[in-house]
Amino acid sequence: ADVWNAHHEGADAVTELAIVLAEASRISTSYESFQTFADNFFVRFPIDTHFFMEIAKLRAFRVLWQAFAKAYNVDVSPFVP
C-alpha cells in the first residue's frame, strides 16, 4: 500500500493510516489466507519534516496492524532483530 500521493495531497496521519488499512482489507480478499497476505504486504509511508508526528504515525500503524491481524486470528508480532 502506498500513501505517497495522499500525503502530498494534504492527508493527515490519521487519514493515511485509514487508507492503508482500507487498502489492506481490499487486497487481503484476493489471498487464500490472511497469513499469506500478511507475509507479502508492504506499506510505503512518506516521512515529512514533522518528525514526532511521523514517528507517532509509524508506531500507531504497528498497533493498528496487530489489531487488524487479530481480527483475522493471525498473530503478527512486531519484528525484533
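**Terms and their grounds**

Reader: Why is Asp75 called exposed?

Author: Asp75 has 63% relative accessibility. Exposed means over 50% relative accessible area, buried under 20%, and partly exposed in between (1.4 Å probe, protein chains only), so Asp75 counts as exposed. Asp75 lies in the segment after H4; helices are DSSP runs (H or I, at least four residues), numbered from the N terminus.

Reader: What do these values rest on?

Author: Residues are numbered from 1 along each chain as its sequence is written, and side-chain values use heavy atoms, without hydrogens and water. The model is predicted: local features need pLDDT of at least 70 and side-chain atom pairs count only at pLDDT 80 or more, while totals for chains, interfaces and linings use all residues.

Reader: Why are Phe41 and Trp65 called a stacked pair?

Author: Rings of Phe, Tyr and Trp (its six-membered ring) pair if their centres lie within 6.5 Å; planes under 30 degrees apart count as stacked, over 60 as edge-to-face and the rest as tilted. By this rule there are 12 aromatic pairs. For Phe41 and Trp65 the centres are 5.2 Å apart and the planes 15 degrees apart, so the pair is stacked. Phe41, in the loop between helix H3 (34–40) and helix H4 (51–71), and Trp65, in helix H4, are 24 residues apart, and their pair links distant parts of the chain. Phe41 is buried at 13%, and Trp65 is buried at 11%.

Reader: Which residues do ring pairs link into a cluster?

Author: The cluster consists of Tyr31, Phe34, Phe37, Phe41, Phe45, Phe61, Trp65, Phe68 and Tyr72.

Reader: How do you know that Lys57 and Glu16 form a salt bridge?

Author: A salt bridge requires a side-chain nitrogen of Lys or Arg within 4 Å of a carboxyl oxygen of Asp or Glu. The closest N and O atoms of Lys57 and Glu16 are 2.6 Å apart, so the pair qualifies. The bridge links distant parts of the chain, with Lys57 in helix H4 and Glu16 in helix H2, 41 residues apart. Both residues are buried, and Lys57 has a relative accessible area of 2%.

Reader: How many salt bridges does the structure hold?

Author: There are 4 salt bridges. Among them, Asp2 and Arg44 approach to 3.2 Å between their closest N and O atoms. That pair also joins distant parts of the chain, 42 residues apart: Asp2 precedes helix H1 (4–8), and Arg44 is in the loop between H3 and H4. Another joins Glu23 and Arg26 at 2.3 Å, N to O. Glu23 and Arg26 lie in helix H2, 3 residues apart, about one turn of the helix.

Reader: What makes Ser28 buried, and which residues does Ser28 touch?

Author: Ser28 is in helix H2 (residues 13–28), and its relative accessibility is 8%, below the limit for buried, so Ser28 counts as buried. Apart from residues up to four places away in sequence, Ser28 touches Phe34, Phe37 and Tyr72, where contact means heavy atoms within 4.5 Å.

Note on methods
Helix = DSSP H or I, 4+ residues; strand = E, 2+ residues; numbered from the N terminus.
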